[in-house]
Amino acid sequence: MAAQRDSPTASPKKKSATLQYLFDLDSKDEPRRKLAIHFSSSENEEILSIISYCTLIFTFTDPVESPSQQDLKRQKLTQLLSVVKLKKVPLRDQILAPLMSMLSTNLFRPLPPPSNPSSITPDLLDDEDLISTFSPAWSHLQVVYDILLRVVTNTDPEILRDHVDHPFLLNLLSLFQSEDPRERECLKNIYHRIYLRFTFYRSFMRKSMNDVFLNFIFETDRHFGIGELLEIWGSIINGFTVPLKEEHKLFLMRVLIPLHKTKGMQAYHRQLAYCVSQFLQKEPVLGGVIVRGILRYWPVTNCQKEVFLIGELEELVENLDPGQYRKLALPMCTQITKCLNSWNSQVAERALYLWNSEQFVTMASLAIEEIFPVVVEGMEKNLKWHWSKSVRQLTQNVKTMLEEMDSILYSECLQAIDLRESRAHQEETKRKEKWERIEMAAARNQLNHHVACVSH
């Protein structure tokens, strides 16, 4: 009896923590055990063998490549993913170093030339063209990105410091040039996670992203990942403390505001407007710098950009410091008046709808004597000359509202307009009469000269 009690028996509830068992756990999606698991030397060799095989690169465009080998590599990548998913499994340097080398080999590759050289960003392409920009190697790259995300998330930044260094971050940043939106989304998540966890790299990462923006604005005017990078910046700006540092204010003035002038601004305008609004919410006193900066880069021939910028101005007015209303009313209303006089009906209608904003009307009312001469003239031009019936109707509605604000001033502005037109008509009449006299005198001189020649 005693011998039976002392004899060891295997518990049916316990399973060995072998490498194959971990793979099976992941494939069955069972709850993982919260135990510190250490691999044996043979299992380490197996992992290293898998990592070594995963360094084999497939282009998926070469007919010589074997589909069976491609499937095998994906299986091995999935096995590696099941290992790094376990938070309690420490990745020792003998595994971590070759693993990071394998990830770099797969990710840091020459990107193909743009499928549509005339485009700035795939968001401006048709859906049919956008499909052709997807990477054929995504079935492998997706798993590789998942592995990298898990490694960055589960490993102590100090341990990864020798592997995730400055060159690694720059190579990662260069991949934002990829046309594949799925790859850029993965990059955004990983790069943002690194920024959050690797606090000692934050200054370097901000500067590196700024370099990408500046190169895009002033050199190439081409980059597919500006929207994703601005999403990262939106989260970064949200965490800024008040008062803002001079470095961050310079980023607003030298990077974010000039980003409004590029050709492809429509593709990333939502993220850009969010970043700018975050700055304004942090320090409303920056409203003057922001509004004047946007007006400085106002497009001349791009109607779609004008519609976007009018909407952004409307949102900015909602967060402006009321103390700046009077200073910004005239330049803003002057630009909006130019827009409502646009022959493009979408631009004109969007500018007229801006007068439905309570904050915008409040701002205009504080500088009514300055802005009315400009606005009234624009209204009258629309009512007389604009080709669009809907624009004329909206203009009439705004005119009625302005007359209710100050009917006397509106009438004075109309009289001033009539007086200017009368004077301009008189000047034009005098100019024509003067030219007629000059032409008559020239004709007489020519006739006298002809008679003199005949007499001789």
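A crossing of two helices is left-handed if the near helix is turned anticlockwise from the far one by less than a right angle, and right-handed if clockwise. The legends describe a predicted model, in which local features need pLDDT of at least 70 and side-chain atom pairs count only at pLDDT 80 or more, while totals for chains, interfaces and linings use all residues. Residues are numbered from 1 along each chain as its sequence is written, and side-chain values use heavy atoms, with hydrogens and water left out.

**View 1. Packing of helices H4 and H5.** Helices (H or I, at least four residues) are DSSP runs, numbered from the N terminus. H4 (residues 67-84) packs against H5 (residues 93-107) at an angle of about 135 degrees, and their axes lie 13 Å apart. Axes are lines fitted to C-alpha atoms over the stretch in contact, and angles run from 0 to 180 degrees between N-to-C directions. H4 is therefore oblique to H5; angles under 35 degrees count as roughly parallel, over 145 as roughly antiparallel, 65 to 115 as roughly perpendicular and the rest as oblique. The crossing of H4 and H5 is left-handed. Lys73, Leu77, Leu80 and Val84 of H4 make the contact with Leu99, Met102 and Asn106 of H5, where contact means heavy atoms within 4.5 Å.

**View 2. Packing of helices H16 and H18.** Between H16 (residues 303-319) and H18 (residues 345-353) the packing angle is about 10 degrees, with the axes 9 Å apart. These two helices are therefore roughly parallel to each other. Cys303, Glu306, Val307, Ile310, Gly311 and Glu314 in H16 meet Gln346, Val347, Arg350 and Ala351 in H18.

View 3. The side chains of Arg206 and Glu247 form a salt bridge, with an N to O distance of 3.2 Å. The term denotes a side-chain nitrogen of Lys or Arg within 4 Å of a carboxyl oxygen of Asp or Glu. Most residues other than glycine have a negative phi, and most peptide bonds are trans. The peptide bond from Val242 to Pro243 is cis, with omega near 5 degrees, and Pro243 is found in the loop between H12 (226-238) and H13. Phe60, although not a glycine, has a positive phi of about 65 degrees; this residue is placed in the loop between H3 (41-54) and H4.
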